[in-house]
Amino acid sequence: MAPTIYLLFSLTFQLLLLLTVSSESASNTGGDASRIPSKFLELAKSPKVFDWMVRIRRKIHENPELGYEEFETSKLIRSELDLIGVKYRYPVAITGVIGYIGTGEPPFVALRADMDALPMQEGVEWEHKSKNPGKMHACGHDGHVTMLLGAAKLLHKHRQDLQGTVVLIFQPAEEGLAGAKKMIEEGALKHVDAIFGIHLSNRIPLGKAASLAGSILAGAGAFEAVITGKGGHAAIPQHTIDPVVAASSVILSLQHLVSRETDPLHSKVVTVAKVHGGNAFNVIPDSVTIGGTLRAFTGFTQLEQRVKEVIIKQALVHQCNASVDLTPNGKIPLLPTVNDEGLYKQFKSMVGDLLGEESFVEATPVMGGEDFSYFAKAIPGHFSFLGMQDETKGYASSHSPFYRINEDVLPYGAAIHASMAVQYLKDKKASTRSDSPKGFHDEL
Ligand SMILES: [Zn+2]
Ligand SMILES: [Zn+2]
């Protein structure tokens, strides 16, 4: 197809139309993108922007919503984007929102925030405690949404300096339901060249960013197995087929997958975290249910298969049957999150420019999982942790009922997001120019 015709029908062109109707006038920074980073942090820390972010974060925190149910959160995001003057696509993957800032033309760089909360009761007593019983923002996603809205404000104010288009991805259902995968299936990454994600961390000092090149988070999956025998009197075991003994044997055998079948230099985890079976001292139950998690940076699918095989075959040794579910409660396995080396270098240098070289921390991989992995598998991606540690207060870890966000981190997150987008577009445009003197249109 001729380049011009292709462009006519492409989303790129639609976006161009979408973006040129914006009415608010942009501030003029003289088109010098290299001056933007420090301005972003100053602006994000200004009382007006900071107080606005704190208000948004607290509002989201008070009304936590679970995966694919983030209707109010999504509405709040859209109303703030409307107020800023950012155009967006909605709905994407049920509650997801995708905003666009910039020229409407390539290159396209995406920034991602997740919107969902966890099914747990908040234990922190404070004015803005969760108002939804049994639901809590205990992973900082309220902060992630706020930081991306903060970035939207900064980027929109400086939109005339953008050398391409920033795509703001607000995704649903990170916690176990792989909302990122659904976003991709619904076209969230169409035309996008690279994507950046930030996760808050209270193990890193406030305002410091941590990442690495390569695998930063493990592939993660869950399993649940029902081991069935034949119940009966606990004092007459010969008339029963005891699933408790079979389950015990299964649990021990699963330990060998890591200790005996895995290269000691390759990290893996198989944990049986729940065991349910029996209600009386003198009754052998009909069945026992076990469940747990598995993690790996490489060989994840093989590990899943071995878990299944060991459970079924070991149960059989004890004359029991076993059924194994590798997606219990609809939980979708997560791929390992792998950072692109080029993006890592760009990120590290941007953090140095924005906050000083001492503010970049070389991360060590962790066995936690993130559905950002789906984005980073589809296109070059970079995932980082942003520190919010306050040693005077001692913050609980994520997924704890006592988890809290240090709100002083919000301006850092907004500025890092915005600066990274500006920097990426600038570098990409420069490299495209040197690669192709005819310009990007010929590449489409
Ligand atoms: Zn989480
Ligand atoms: Zn999280």
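Predicted model: local features only at pLDDT ≥ 70, side-chain atom pairs only at ≥ 80, totals over all residues.
Let me begin with two helices: the axes of helix H5 (residues 71-84) and H6 come within 10 Å and cross at roughly 15°, where axes are lines fitted to C-alpha atoms, for helices over the stretch in contact, and angles run from 0 to 180 degrees between N-to-C directions. H5 and H6 are therefore roughly parallel to each other, a term used for angles under 35 degrees, while angles over 145 count as roughly antiparallel, 65 to 115 as roughly perpendicular and the rest as oblique. The crossing of these two helices, H5 and H6, is right-handed; a crossing is called right-handed if the near helix is turned clockwise from the far one by less than a right angle, and left-handed if anticlockwise. On the H5 side the contact is made by Thr 73, Ile 77, Glu 80, Leu 81 and Ile 84, and on the H6 side by Val 145, Leu 149, Ala 152, Lys 153 and His 156. Two residues are in contact if their C-beta atoms, placed from the backbone, lie within 7 Å. Sorted by class, the contact of H5 with H6 has six nonpolar, two polar and two charged residues, where Ala, Val, Leu, Ile, Met, Phe, Trp, Tyr, Cys and Pro count as nonpolar, Asp, Glu, Lys and Arg as charged, and the others, Gly among them, as polar.

Residues are numbered from 1 along each chain as its sequence is written, and chains are lettered from A and ligands numbered from 1 in the order in which they are written.

How far does the predictor trust the chain? The average pLDDT, which is the predictor's confidence in each residue from 0 to 100, is 90 for the chain, and 89% of the residues score at least 70. Over residues 1-31, however, the pLDDT is below 50, and this stretch has 44 contacts in the model beyond near neighbours in sequence. Residues 437-444 also stay under 50 in pLDDT, and for them the model has ten contacts beyond four places in sequence.

Now the chain as a whole. Its secondary structure comes to twelve helices and 16 strands, where helices (H or I, at least four residues) and strands (E, at least two) are DSSP runs, numbered from the N terminus. Of the 444 residues, 47% count as buried, and a residue is buried if 20 or more other C-beta atoms lie within 10 Å of its own, exposed if 12 or fewer, and partly exposed in between, with C-beta atoms placed from the backbone. Among contacts between residues at least 6 apart in sequence, 81% join residues at least 24 apart.

Let us return to H6 and look at another partner. The axes of helix H4 (residues 47-62) and helix H6 (residues 141-157) come within 9 Å and cross at roughly 145°, and H4 passes H6 in a right-handed crossing. Among the residues making this contact are Met 53 and Arg 57 of H4 and Gly 143, Thr 146 and Gly 150 of H6.

Which residues does Leu 410 touch? Not counting residues up to four places away in sequence, Leu 410 touches Phe 50, Met 53, Val 54, Arg 57, Gly 143, Thr 146, Met 147 and Gly 150. Leu 410 itself lies in helix H12 (residues 410-435) and, with 27 C-beta neighbours inside 10 Å, counts as buried. The C-alpha atoms of Leu 410 and Thr 146 are separated by 7.3 Å, although these residues are 264 apart along the chain.

A further helix pair is H8 (residues 243-259) and H9, whose axes come within 9 Å and cross at roughly 145°. H8 passes H9 in a right-handed crossing, and the residues of their contact divide into ten nonpolar, three polar and one charged.

Finally, some details of the backbone. The peptide bond from Tyr 90 to Pro 91 is cis, with omega near -5°, and Pro 91 is found in strand S1 (residues 87-92). The bond from Pro 106 to Pro 107 is also cis, with omega near -10°, and Pro 107 lies in the loop between strand S2 (96-102) and strand S3 (108-114). Ala 93, in the loop between S1 and S2, has a positive phi of about 55° although it is not a glycine.
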